[in-house]
Amino acid sequence: MDKLRLGLPKGSLEKATLELFRRSGWHIQVNGRSYFPDIDDPEIACSMCRAQEMSRYVENGTLDCGITGKDWTMENDSKVTVVADLMYSKTSLNPVRWVVAVPADSQIRNLRDLAGKKIATELVNYTRRYFEQRQIPLTVEFSWGATEAKVAAGLVDAIVEVTETGSTIRAHGLKIIHELFQSNTQFIANNQVWENDAAKREKMENLNLLLLGALRAERMVGLKMNIPEKQLKDIIGLLPSLLAPTIASLYETDWYSVEVVVNQGEVRTLIPRLIRAGAQGIVEYPLHKVI
């Protein structure tokens, strides 16, 4: 097989993406300003490029596959295969939102009120298409950054900006009047490679399997505990699990060792309940992958 040409996002997604690959089993070393990082897999050749450009390189075959945001694939209107949605961003495991925001004291209440107005955004092409489809005439200009400050300073009437919680937008004295769509990181592939190169497709599917397993593990932990036989059935009833818990009897006792995988958010309420029900020796441990 020719090496799989994998594109990695440079910029805001870079650190989170390299960490995800590390947890998935691939160690990638970025050497200073080099755009061709080293990876401990002889079947993969990595290239770094901006997420905003990734889908174009994958579409035209410069790269076989890549990691980028769904928003930038939509912005470029690229025809690619979405191998998987990878639910992570630069700061969390949640999707982000592209929204329309205006000054908090603005008389603009909805999209129709933007007719004849000026909007600043990085997402120029998608924003233009969005308003053209709704027959709302306005001017869309590209923003090189500090987009929130432009509307606050009166340079434009509104912005289309990405946010997760909306806190940064509110901190700039703005209010959200409309959500365009939600976006998340995606693993995308060149259509021709995906359909016609069986070896590279298998490699991408293997990558995808482990990337998704690492992301799933990020939200989960393992719990081990010892339970007396007389309380076993009651405590098992308290345990959420991917499948049935693993149970093994302890040598020459009437106690059992129980192991289970649970959502991390449940642990803080689950452990006190388990202790009250009779569980002992509870150990919580992190997971690397859940497949």
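The structure is a predicted model, in which the chain has a mean pLDDT of 93 and 98% of its residues reach 70 or more. Within the chain, confidence is lowest in helix α5, formed by residues 147-152, where the mean is 83, and highest in helix α7, formed by residues 191-196, where it is 98.

The chain contains 10 helices and 16 strands. Its radius of gyration is 24 Å, well over the 19 Å that the globule rule gives for 291 residues, so the chain is more spread out than a compact globule. Along the principal axes, the C-alpha trace spans about 80 × 55 × 35 Å. When contacts between residues at least 6 apart in sequence are considered, 69% of them join residues at least 24 apart. The chain carries 35 positive and 36 negative charges, and the mean positions of these two sets are 5 Å apart.

Backbone geometry draws attention to two loop residues. Most residues other than glycine have a negative phi. Q135, however, has a phi near 55°, a positive value in a residue other than glycine, and is placed in the loop that runs between α4 (124-133) and β9 (139-142). With a relative accessibility of 69%, above the 50% cut-off, Q135 counts as exposed. For E252, phi is likewise positive, near 55°, and this residue too is not a glycine; E252 lies in the loop between β14 (246-249) and β15 (255-263). The relative accessibility of E252 is 68%, and it therefore counts as exposed, the cut-off being over 50%.

A further residue, N226, belongs to strand β13, which comprises residues 220-228.

How values were computed
Residues are numbered from 1 along each chain as its sequence is written. This is a predicted model: local features need pLDDT of at least 70, side-chain atom pairs count only at pLDDT 80 or more; totals for chains, interfaces and linings use all residues. Side-chain values use heavy atoms; hydrogens and water are left out. Helices (H or I, at least four residues) and strands (E, at least two) are DSSP runs, numbered from the N terminus. The radius of gyration is taken over C-alpha atoms; the globule rule is 2.2 Å times the number of residues to the power 0.38. Contact means heavy atoms within 4.5 Å. Lys and Arg count as positive and Asp and Glu as negative; His and the chain ends are not counted. The place of a charge is taken as NZ of Lys, CZ of Arg, CG of Asp or CD of Glu. pLDDT is the predictor's confidence in each residue, from 0 to 100. Buried means under 20% relative accessible area, exposed over 50%, partly exposed in between (1.4 Å probe, protein chains only).
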